[in-house]
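Please look through the structure below with its sequence at hand.

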Amino acid sequence: MYTENANRATSNGFITPDNLEPNPKNPVIASFFRNIGRADRLGSGVHKLFKYTKLYSAKDPIFQEGDVFRIVVPLDDSYSFDMEIGSETRIATDATDRATNATNLSASLSDNEQSVLNAIRSNPKITQKQLQEATGITLGTIKRLLPKLQEKEKLERVGNRRSGQWKVND
């Protein structure tokens, strides 16, 4: 599978996770989509494609920057992890995986992290100050816990800082 797009290249050659220098082609649009929660940080797609393409082809994708930006994602049906799994088996496997992941993640969370997540579940629009009052955890600790929970993908911010809300991923 491949895609091509006209490009204002800042360099020529192949892009790898090691030499990646994220550079938005349109910074205004990139900022807009990040602020409304529809885009990850700049450059995260390259890392994700290198990580997940190996599941489907055991090969790395190709990113080539020049006047035309090209991405080639090699796909191999015979290698693909989910090609031979029937839909009933996949549904049962997915349910088991979600239950196992939820158990493992909740076991790996501290009491403070669990308290913060429980408070957010009851009020997704809760502020950091309200979290402090609801949990009894200091404001400084709350400010350290929220990014950690986001890194663990247990929590995400939907919308902007002022009028957005939290989403707990179970």
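Predicted model: local features only at pLDDT ≥ 70, side-chain atom pairs only at ≥ 80, totals over all residues.

Which residues of α6 are buried? They are Thr141, Ile142, Leu145, Leu146 and Leu149. Viewed down the axis of α6, these buried residues fall within an arc of 135°, so they line one face of the helix. An α-helix has 3.6 residues a turn, so residues three or four places apart point the same way. On the other side of α6, Arg144 and Glu151 are exposed. The buried residues of α6 pack against two helices, α4 (111-122) and α5 (128-135), and also against the strands β5 (155-158) and β6 (165-168). Just after α6, glutamate 153 has a positive phi of about 60°.

The next part is a sheet. It is open and consists of 4 strands in the order β1-β4-β3-β2, with antiparallel pairing. At its edges stand β1 (2-6) and β2 (13-15); each has a single partner strand, so one side of each is left without a neighbour in the sheet. On average, neighbouring strands here are turned by 20° against each other, direction ignored. In general, strands of a sheet pair through backbone hydrogen bonds, either parallel or antiparallel. The partner of β2 is strand β3 (residues 62-65), and the two pair in the antiparallel sense over 3 bridges. Within this pairing, phenylalanine 14 stands opposite glutamine 64 in β3.

Another phenylalanine, at position 50, belongs to helix α2 (residues 44-57). Is phenylalanine 50 buried or exposed? Its relative accessible area is 12%, under the 20% limit, so phenylalanine 50 counts as buried. Leaving aside residues up to four places away in sequence, phenylalanine 50 touches Ile15, Thr16, Pro17, Asp60, Pro61 and Phe63. Aspartate 60 is 10 residues from phenylalanine 50 along the chain, and their C-alpha atoms are separated by 5.8 Å.

Now the whole chain. It has 6 helices and 6 strands, which run β-β-α-α-β-β-α-α-α-α-β-β from the N terminus on. Of its 170 residues, 22% are buried. Among contacts with a separation of 6 or more, 46% are between residues 24 or more positions apart. The chain exposes about 12100 Å², and carbon and sulfur atoms supply 51% of this area.

Methods. Residues numbered from 1 in each chain as written. Heavy atoms only, no water. Buried < 20%, exposed > 50% of the residue type's maximum accessible area, 1.4 Å probe, protein only. Arc of directions from axis to C-beta. Contact = heavy atoms within 4.5 Å. Pairing = 2+ DSSP bridges. Axes fitted to C-alpha atoms, helices over the stretch in contact; angles between N-to-C directions. Areas by Shrake-Rupley, 256 points an atom, 1.4 Å probe, with all protein chains shown as cover.
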